[in-house]
Amino acid sequence: PAGGRRSAQNPSAWPDRDPSPSIANKLHRLPPAATHRRHFKPKMPPDYLHGYPLALIDEVRRLIDQDRLAPLLLRRYPRAHPVRTDRALYDYVQQLRSTYLRNTVAPSRVAYDNNVRVVHQALGLHTRSTQIQGARLKARREIGIAALFREAPPEFLRMIVVHELAHLKQREHDRAFYQLCANMEPDYHQLEFDLRAYLCYLDAGGRPLWSGESARADAAPRS
């Protein structure tokens, strides 16, 4: 799953880490947080942003209190994606996999899952099992995506799918795992932060920003 594994090594010395980021610049140019927040488990605030600098956490809270976070997110992510069915999601995931991870085992099942966030306390779930077929063992992979992402910007969907696909090659949340995520989605760390800020907004009682929207954006995976 996207949560529940050991976190990465401390990335504070990573060359791309900005020691003094700010979300004042409309929630961009933000670094990866400290590693212990890398588990993709949604928790009660402020744990959505656990491991980020306190100044960033305070600024997110302030923007929520001033009703400014939602407009910032909507300006940056104005439309929802059109990948609404499990079949469309399966095709979307397979297209990304064939572009970046074509030598990995293709997931046998991909679906939106209403229980991922409730039961597993995660936003995505990657499971693997082995089946006996005659004298052979066959690996089976499944990917579940929290139903939250059914009505979300294409960037958020791509980010969580990239996260789950990375587990096809890397089981742990280590440096290699996040390098793979960034290879598939260069803005991965920024998108993760923006999503976590959005979860804080929802938990504070904010209305879903893309719910029921007519999805006109083209969410085809970028190559």
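I checked the length of helix 7 (residues 188–203) first: at 1.5 Å a residue its 16 residues should span 22 Å, and its end C-alpha atoms are 23 Å apart, so the two agree. The expected span is 1.5 Å times one less than the number of residues. Helices here are DSSP runs of H or I with at least four residues, numbered from the N terminus.

I note that this is a predicted model, in which local features need pLDDT of at least 70 and side-chain atom pairs count only at pLDDT 80 or more, while totals for chains, interfaces and linings use all residues. Residues are numbered from 1 along each chain as its sequence is written, and side-chain values use heavy atoms, without hydrogens and water.

I looked up burial next. Gly-205 follows helix 7 and has a positive phi, near 100 degrees.

I then turned to Leu-56, in helix 1 (residues 54–65). Leu-56 counts as buried because its relative accessibility is 2%. Leu-56 is 141 residues from Ala-197 in sequence, yet their C-alpha atoms are 10.0 Å apart.

Last, I looked at helix 5 (residues 154–166) and helix 6 (residues 175–184), whose axes come within 9 Å and cross at roughly 135 degrees. Axes are lines fitted to C-alpha atoms over the stretch in contact, with angles from 0 to 180 degrees between N-to-C directions. Residues in the contact (heavy atoms within 4.5 Å) include Arg-158 and His-163 of helix 5 and Phe-177 and Met-184 of helix 6.

Definitions and conventions: Helix = DSSP H or I, 4+ residues; strand = E, 2+ residues; numbered from the N terminus. Buried < 20%, exposed > 50% of the residue type's maximum accessible area, 1.4 Å probe, protein only.
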